[in-house]
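Please read the points alongside the structure.

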Amino acid sequence: MLKGLLFDLDGVIADTARFHLAAWNQVATQLGITLPPAANDALRGRSRESSLALVLSYGDPHAVYTDAQKADLAAQKNAWYLQAIDALTPADILPGITRLLADAQAAGLHLAIASASKNAPAILTKLGLAAAFETRVDPATLHRGKPDPEIYQRAQAQLGLTAQEVVGFEDASAGVAAIKAAGQFAVGIGDATTLAAADFIVPNTAALDLAAITAAHAAKEGD
Ligand code: BG6
Ligand code: MG
């Protein structure tokens, strides 16, 4: 039986994934690197350090960056990102999310945040959602990032639930892979081909419907 919902943040609760991508594009441009269209999905869900490694991998394979240079690039990206999210308000909560959270609370479901972002607490506060979730996984405590299941396993454990009792929401293929590797039910939000591994796919957050998701989860889990 469905008892809990586990949410990615960037690209699910708010449209902040585009700010991450824009900031990485600024870093790439500065280094003479052009990010390919595939980077739009590939950069979602991955930690800051892992994202930087991916950005650099699109450049000169012989280029060598010291740890200090990498730290500077990651800090520069984060400074640009922080500028972009500074003006976020509750109006930036993606369509359908406020209704979904209200329906979930009315149904007595437990809610958790499973975001790789160290900026998640600040964003939730700006969106007026600081108290909307029972728990949040602290990404600084993780050993492995998405697509590893660790963050979704931790979110589920922090709610005291089993894999069969939760549904995870993701806009990234790495995130859907993490949910599936945790043995949980995955809702993919976005392109059906990119997110094909999800159990249930909607084109955007406005199409999220708790009744439909609950029915699909029950059909799969046999309850
Ligand atoms: C994820 C984003 O939620 O957080 C990634 O999808 C980002 O794009 C990651 O790299 C880490 O975010 P931050 O804010 O800690 O750099
Ligand atoms: Mg995301």
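1. In H1, the residues Phe 19, His 20, Ala 23, Trp 24, Gln 26, Val 27 and Gln 30 make contact (heavy atoms within 4.5 Å) with Leu 73, Lys 77, Trp 80, Tyr 81, Ala 84 and Ile 85 of H4. By class, the residues of this contact are 9 nonpolar, 3 polar and 1 charged. Here Ala, Val, Leu, Ile, Met, Phe, Trp, Tyr, Cys and Pro count as nonpolar, Asp, Glu, Lys and Arg as charged, and the others, Gly among them, as polar. Helices (H or I, at least four residues) and strands (E, at least two) are DSSP runs, numbered from the N terminus.

2. This is a predicted model, in which local features need pLDDT of at least 70 and side-chain atom pairs count only at pLDDT 80 or more, while totals for chains, interfaces and linings use all residues. Residues are numbered from 1 along each chain as its sequence is written, chains are lettered from A and ligands numbered from 1 in the order in which they are written, and side-chain values use heavy atoms, with hydrogens and water left out.

3. The axes of H1 and H4 (lines fitted to C-alpha atoms, for helices over the stretch in contact, with angles from 0 to 180 degrees between N-to-C directions) come within 9 Å and cross at roughly 140°. H1 is therefore oblique to H4; angles under 35 degrees count as roughly parallel, over 145 as roughly antiparallel, 65 to 115 as roughly perpendicular and the rest as oblique.

4. H3 and H4 have axes that come within 10 Å and cross at roughly 105°, so these two helices are roughly perpendicular to each other. Arg 48, Leu 52 and Leu 56 of H3 meet Lys 70, Leu 73, Ala 74 and Asn 78 of H4. This contact has 4 nonpolar, 1 polar and 2 charged residues.

5. Which residues of helix H3 (residues 48–57) are buried? They are Ser 51, Leu 52, Val 55 and Leu 56, where buried means under 20% relative accessible area, exposed over 50% and partly exposed in between (1.4 Å probe, protein chains only). Their cover includes helix H1 (17–30) and helix H4 (67–85).

6. In helix H5 (residues 97–106), Ile 97, Leu 100, Leu 101 and Ala 104 are buried. The face of H5 turned away from this buried side carries the exposed residues Thr 98 and Ala 106. Strand S1 (4–7), strand S2 (110–113), strand S4 (166–170) and helix H9 (210–221) are included in what covers the buried residues of H5.
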